[in-house]
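Here is a structure to go through by question and answer. Each label is set against its definition.

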Amino acid sequence: MQYANHYGYSDVDPYEVVRVVSDKTIEIREMKVERDDSVKMEFVAGGFAGHCVNQQDQKWHISSDESRPVIRIRLGKRGWKCPHGRRFQLSDKPKKFYDYNF
């Protein structure tokens, strides 16, 4: 696994694995993400201010960002977590998802 994706409610943010400390501890760093403007988000009336009907089509440019701080996450009974309680899932691919309808 090269990546640890942070799942915060319905949004997902990509982190890269910097160093494996042990079987239950790894160091990760948040990655740089930029929205791919080739996909235009379509909004219709509804919800609080609008409803995005094609949010599953969103695309992102994801790259390493060495200026970001390195944090440690640990494996517990309920999965990978940082000291602040944010949850992560390890993956072979970085993932970014922004929930426009939340």
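Q: Why is tyrosine 100 called partly exposed?
A: Tyrosine 100 has a relative accessible area of 22%. Buried means under 20%, exposed over 50%, and partly exposed in between, with a 1.4 Å probe and protein chains only. So 22% makes tyrosine 100 partly exposed. This is a predicted model: local features need pLDDT of at least 70, side-chain atom pairs count only at pLDDT 80 or more, and totals for chains, interfaces and linings use all residues. Residues are numbered from 1 along each chain as its sequence is written, and side-chain values use heavy atoms, without hydrogens and water.

Q: What makes glutamate 27 buried?
A: Its relative accessible area is 15%. That is under 20%, so glutamate 27 is buried.

Q: How do you know that glutamate 27 and arginine 72 make a polar contact?
A: Their side chains are joined at 3.1 Å. A polar contact is a pair of N or O atoms within 3.5 Å; within protein, one must be able to donate a hydrogen and the other to accept it, and residues adjacent in sequence count only if both atoms are side-chain atoms.

Q: Why is the pair of tyrosine 15 and phenylalanine 88 called edge-to-face?
A: The ring centres are 5.1 Å apart and the planes are at 90°. Rings of Phe, Tyr and Trp (its six-membered ring) pair if their centres lie within 6.5 Å; planes under 30 degrees apart count as stacked, over 60 as edge-to-face, the rest as tilted. So the pair is edge-to-face. Both residues are buried.
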